[in-house]
Amino acid sequence: MPSEDIRTSLGLRPVINVSGTMTSLGASIVVPEAIAAMTSILPQFVEMNDLQRKASAVIARLTGGEAGFVTASCAAGITLAIAGTITGSDLLAIEKLPSVSTEKNEVLVQMGHIVSYGAPVDQSIRLAGAKTVMIGQATSTHRYHMENAITEKTAAALYVVSHHVVDYGLLKLTEFVEIARAKSVPVIVDAASEYDLRSFLEQGADIVLYSGHKFLGGPTSGIVAGRKDLVRNAFLQNMGIGRGMKVGKESVFGLMAALEAWEKRDHDGIRARETSYLHLWRDTLENRPGVTALIEPDPTGNPLDRMRVIVSAHEAHITAWDLADALARGTPPVIVRDHEVEHHYFYLDPCNLHPGQETIVANRLAEELDKASASNDIIATPLENRSKHRFDGALRWPD
Ligand SMILES: *Cc1c(COP(=O)(O)O)cnc(C)c1O
């Protein structure tokens, strides 16, 4: 950790992130190579399309795609890639978006893939002037749903890879691709938070999208990669709706450096370090009444394990959500992964910790659990209170 913490001078809480790569916490730790690259290019002028040509070569090398470019975010990538499938290279049509003069603007998505990554997936589709056509039901999509939904109005099909999506009963990517291909519909894969930079194109996707600021440890940015004509048509949107999703030279070059660092990264060494954190936390939580700590693999197959901390309020004298909230309120604030806390567990994600923070996390867990078990009362705030007040802070902003 840097010795001088910029957050202190800004008056910001020095949060410790055990929740993963969260936009609301500043995404991820940016790798030193990317920071150096951004610093080196910021004072210079460059011809941006040429810089993006260089980025294309790096992205192509790492993803196996024919071409690629850098945009503001993966969400921006969804919008631009879909816009490209609607307008082609027609510059006037690009200027007119989000008004669309063709009927061919439908985008197929499985209902179980319409999730929120902080904003709804289907909004990034609609921003391109497209219509979302949901296929199947929340937990089931069959071939006939997709085959019958494809018409002459279909511009593209979007496939979302995420721990947020329904994980059973839906079409697998290979089948999704096979059905789309048979009718020449391009497949766009949102792989924002995936380590594997090659497999989705290898499975037949025409375009794949990643976040630059998640596992890659780059600046806030997104990657669009794949078939050259489709990537170009998405890139051309920078003369239209892409302007509001502009990416600067520092992000393009920073992401190129992050990708090159990714190629050389000691992935096994990092995994071993993360595993040692998980073992420390397991030792801390072992034999505590009402607490079960399980080490679990990432649900989409990323090479990452997390710890599921299951809390039984009766024995631990605190609910899982009250424990999560106590950790977040504490000094220093420790932010856990609490999407599923209604099921009486949260996760500890080791992938965004600076060395030494794992011990602080262990100590804070022990302190709060000791405090709860010494208390005669069970700390159990109704869960409804939490959801009722969830957006209070945002709605008061900037106060
Ligand atoms: C994070 C995420 C996004 C959004 O990525 P940004 O780069 O932050 O816009 C989109 N889709 C999925 C599945 C995600 O996990």
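Domain bounds here come from an automatic or database domain assignment. This is a predicted model, in which local features need pLDDT of at least 70, side-chain atom pairs count only at pLDDT 80 or more, and totals for chains, interfaces and linings use all residues. Residues are numbered from 1 along each chain as its sequence is written, and side-chain values use heavy atoms, leaving out hydrogens and water.

**Stop 1: the two domains.** Select 6-24 + 266-394 for domain 1, then 31-264 for domain 2. Their centres, taken over C-alpha atoms, are 32 Å apart.

**Stop 2: the interface.** Show the contacts (heavy atoms within 4.5 Å). Domain 1 contributes 11 residues and domain 2 contributes 12. About 1,000 Å² is buried between the domains, 56% of it on carbon and sulfur atoms. Buried area is the accessible area (1.4 Å probe) that two parts lose on being put together, summed over both. Now pick Thr21, His267 and Asn302 in domain 1: they lose the most area to domain 2, together 43% of what that side buries.

**Stop 3: the ligand.** Zoom in on Asp190: one of its polar side-chain atoms lies 2.6 Å from a ligand nitrogen. Move to His213, where a polar side-chain atom is 3.0 Å from a ligand oxygen. At Ser73, a side-chain N or O atom sits 3.5 Å from an oxygen of the ligand. Finish with the ligand surface: taken alone it exposes 380 Å², and the protein buries 91% of that. These accessible areas come from the Shrake-Rupley method with a 1.4 Å probe; for residues, only the protein chains shown count as cover.

Definitions and conventions:
Polar contact = N/O pair within 3.5 Å; in protein donor to acceptor, adjacent residues only side chain to side chain.
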